[in-house]
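Subject: The structure, and what turned up in it

Hi,

Here is the structure I promised to pass on. Have a look at it first, and then read my notes below.

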Amino acid sequence: MSECGGRGGGGGSSSSDDAEDEGGGGGGGPAGSGSLSPAPAGATSAGRLRRGLRGASLMARGRPELLCGALALGCALLLAVKFTCSRAKDVIIPAKPPVSFFSLRSPVLDLFQGQLDYAEHIRRDSEVVLLFFYAPWCGQSIAARAEIEQAASRLSDQVLFVAINCWWNQGRCRKQKHFFYFPVIYLYHRSFGPIEYKGPMSAVYIEKFVRRVMKPLLYIPSQSELLDFLSNYEPGVLGYFEFSGSPQPPGYLTFFTSALHSLKKDYLGTVRFGVITNKHLAKLVSLVHSGSVYLHRHFNTSLVFPRKVINYTAENICKWALENRETLLRWLWPHGGKSLLLNNELKKGPALFLFIPFNPLAESHPLIDEITEVALEYNNCHGDQVVERLLQHLRRVDAPVLESLAPEVPARLPDPPLITASPCCNTVVLPQWHSISRTHNVCELCVNQTTGGIKPSSVSMPQCSFFEMAAALDSFYLKEQTFYHVASDSIECSNFLSSYSPFSYYTACCRTMNRSMMGFIDSEQEVFETPAIAFSSLEKKCEVDSLSSVPHIEENQFLFPEVDMDSTNFTGLSCRTNKTLNIYLLDSNLFWLYAERLGAPSVTHVKEFAAIVDVKEESHYILDPKQALMKFTLESFIQNFSVLYSPLKRHLIGSDSAQFPSQHLITEVTTDTFWEVVLQKQDVLLLYYAQWCGFCPSLNHVFIQLARLLPPDTFTVARIDVAQNDLPWEFMVDRLPTVLFFPCNRKDLSVKYPEDLPITLPNLLKFILHHSDRAPAPQNLANPPTKECLQSEATLQQGHISHLEREIQKLRAEISALHQAQVQVEAQLASARRDEHRLLRQQQTLEKQHSLLRLHSEQLRALYEQKTSELEEVARRLQELADASENLLTENTWLKILVATMERKLKDKDAAETLAPLKEARSDHPEPAGAPHLPGSTPPSNVSATLTSERNNENRTD
């Protein structure tokens, strides 16, 4: 320590750097003091870091190649990290390029790459264009493809059909359009659009809608076609334009655009637009000036567009028509998914659903005309002449030409200075004052408005509304105790202000009636007289002027006409009953499944069906499927429903009784067999259950034992699945499981099993024995029972008791045996579960081995294919070598022949050179004749010929 301290205080040595790091100059005291106090921890760690860095620098100085290696390694690491991060975005597999959705021969132009800009370009050059936006994977798009092609095949010469793939991520359609569902159909009429079609994806409906867009206005040239237009069940708007002065009269284009706006807002096209050019036809609907617009309503006052109050624009005309239209029949188009469409309609009151086969392209619909006739008669409460004329036209009855089809305005009543009489009345039946009272108070409540300034127009707006009537009823019920009075024939009237507005007051005229006369709703009952209202400037009184029906809320300024309630006339029935029906139409070709759920047969040759559903009464009725759906049967069906005590039977839906065996311990009850089983002459114990009830199956063994114990000839154990079988309301229960006991010959005294009592076999036996005893016969005091009778009865009872005790002992023995069997079964189940787990593990092991073997098999197959290919390559090469060797052998043979020829040629040449000098010598010294030839002498002539032939052969060889 003294050495580290001295080194820290001294200086001048070149090796003092390390000593400084150890703390000699920093912290232990003065230099050279030799202090033994330890240095701080922070200073120690910092010193270690500095020493490490200096050591690394000294090493780098001594071995610079290490520094270069470290730098190279760091650069390589950075490059690897950057390369990995840059390749991370390429992990996603790019989408496959789109293919054509429609065939090449299809009349639909398929832009399967989402070329929305090209579609917009060609749309400007066509008058009517249909754009079909689809997604290739969408099932609805695939299903609608054939329907679009069918519609395009019929309209391709007039309409341009374009299909656009709006799912391709690189297409312009996907980038610009953000649809939440597919398919989407847009229609364009020149520059107007888009008009979205949301109706059924059927070719006929699509074609009908396209034709409505092509021709939104219907030209009406004659009175017959005018009656056809007005008698239709759909609301109609008529425009009168004179084309004699100009080819395009003022306001015509606006009216034309308003028809397109109505299709844009109402894709069903329920409001029809027509054009009249004949001034005589226009006068029939009170149109005088060119450019006037008329909205026809069957029962309320028809309206003329108020051009002085509302601007004459296409949007305002469409809005005015949609807000003031009157719906006689309404089509329903359920889309098949979760929806509140039917629920919202059923909340409005009883509904009549008519399922009919409908072809929107047909020129005439006789069945719909009959239904329209029924609806007009049903709602014609005031015997309107215009409605009667339309009914005659629907019946094809010739009638004289009317001077006007507009309703005649009655004579005006004298108006008070500040009060305008515009009554809307409703009949109110107050509850009885006391439970023993035999009287009811009936009041006629009418709305009266005080208006100042501008008087409301009788043509452009209705005189009262449903909300005013509802406010009047609220104000009336707050003060209804003031209208109770004793029985009398007089009528007392009172006026009171509204609780909501100081500018409205109401008049209530009340009278007292016996309860026996309250069958006024039934057309066959006696009716009471309802007062009509007359007003004056000083006082308001209610006087009995004429017989009247009991109306609902009516938005009409006229007083109620006389209606004979004793007759069974169907006309105006909706105003004589508190069960007014709303009539709905459904296409049975598309929605027959809904009809089957309401009770229609699943197999029928004619898909026509009618049903009335009343949610408030929780019941529905069906028209007999054996009866044809026509005007007579429909009127009878509505009349039977409207009477006070309806003869219609509530339709009950149940299971098929044929699927349950008849011979069984427990009888399975259905809707059809309920009365047969319950009302039979024996005791019946009925169990209510459902498939979703979890506790119900645990009671099966109890009821099986009970059925085995009790004699089947005098006792029946039954059960019913209330989730699948409807029952009359008096036999329904509010919880499951529930047990009801129906005693023999006393079915009206049925008893419910106590809810707080466990459902066990002894408890069920006690319950049955307690309630199955017959009522004791009254004792005859004149002839008291004898001792022998009492003893025999006691013996009989003792025998019954002993029999029951023996049966109970048997049941206990069976219960103990069942417990033992249960223990054995549980042991077997435990063993089976262990075996199952063991087999499951073995199965998993075998599956793993199987997967490994399959992988190995695939590898061997791949190796086999590889070796096979290699062998084929080797065989091919060997074949090539064999062919090459044959060629070489042939060439070798030829070469040998050539070499032999050349050698022979060379030998002959050498021989010729050798013989040449000898020949010359002989020519100098001729031999004598007959001298013998020497070996080296000139060959004879035949030898020369041979040599010549060999030379020719050599030339040919060369």
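Before the notes, one term: two strands count as paired if DSSP finds at least two bridges between them. Also bear in mind that this is a predicted model.

With that term in hand, take leucine 217, whose bridge partner in strand 8 is phenylalanine 273. That contact belongs to the pairing of strand 6 with strand 8, which is parallel and runs over 4 bridges. Both strands sit in an open sheet of 5 strands, ordered 6-8-7-9-10, with mixed pairing. Strand 6 and strand 10 (303–304) are at the edges with a single partner strand each, so one side of each has no neighbour in the sheet. Helix 10, residues 252–265, lies across strand 6, strand 7 (236–240), strand 8 and strand 9 (292–296), and makes about 160° with strand 8.

Strand 22 pairs with strand 24 (residues 715–721) in the parallel sense, over 3 bridges.

How much space lies in the second largest pocket? About 1400 Å³. It is lined by 41 residues, and those closest to its centre are Lys208, Asn232, Arg272, Ala362 and His365. Which element gives the largest share of the lining? That is helix 8, with 5 residues. Elements that supply at least two lining residues each include helix 8 (203–214), strand 6 (217–220), helix 9 (223–230) and strand 8 (272–276), as well as helix 14 (366–379) and helix 15 (385–394). By type, the lining residues are 21 nonpolar, 9 polar and 11 charged.

Next, the hairpin of strand 4 and strand 5. These strands run antiparallel and are joined by 4 bridges; isoleucine 185, for one, has tyrosine 197 in strand 5 as its bridge partner. The hairpin has 2 residues between the strands, and arginine 190 takes a positive phi there, near 55°. Most residues other than glycine have a negative phi, and most peptide bonds are trans. Arginine 190 is a residue other than glycine with a positive value.

The side chain of arginine 190 also forms a salt bridge with glutamate 127, at 3.3 Å from N to O. The two come from distant parts of the chain, 63 residues apart: arginine 190 is in the loop between strand 4 (184–189) and strand 5 (192–197), and glutamate 127 is in the loop between helix 5 (116–123) and strand 2 (128–134). Over the whole structure, a search finds 18 salt bridges.

Last, the cis peptide bonds. One joins glycine 193 and proline 194, with omega about 0°, and proline 194 is in strand 5. Another goes from leucine 736 to proline 737, with omega near -5°; proline 737 is in the loop between strand 24 and strand 25.

Cheers

Terms used: Residues numbered from 1 in each chain as written. Predicted model: local features only at pLDDT ≥ 70, side-chain atom pairs only at ≥ 80, totals over all residues. Heavy atoms only, no water. 1 Å grid on protein atoms, 1.4 Å probe; cavity = no way out; pocket = protein on both sides within 12 Å on 5 of 7 lines; lining within 4 Å. Points joined across faces, edges and corners; volume = space filled by probe spheres on them. Nonpolar A, V, L, I, M, F, W, Y, C, P; charged D, E, K, R; others polar. Salt bridge = Lys/Arg side-chain N within 4 Å of Asp/Glu carboxyl O. Contact = heavy atoms within 4.5 Å. Axes fitted to C-alpha atoms, helices over the stretch in contact; angles between N-to-C directions.
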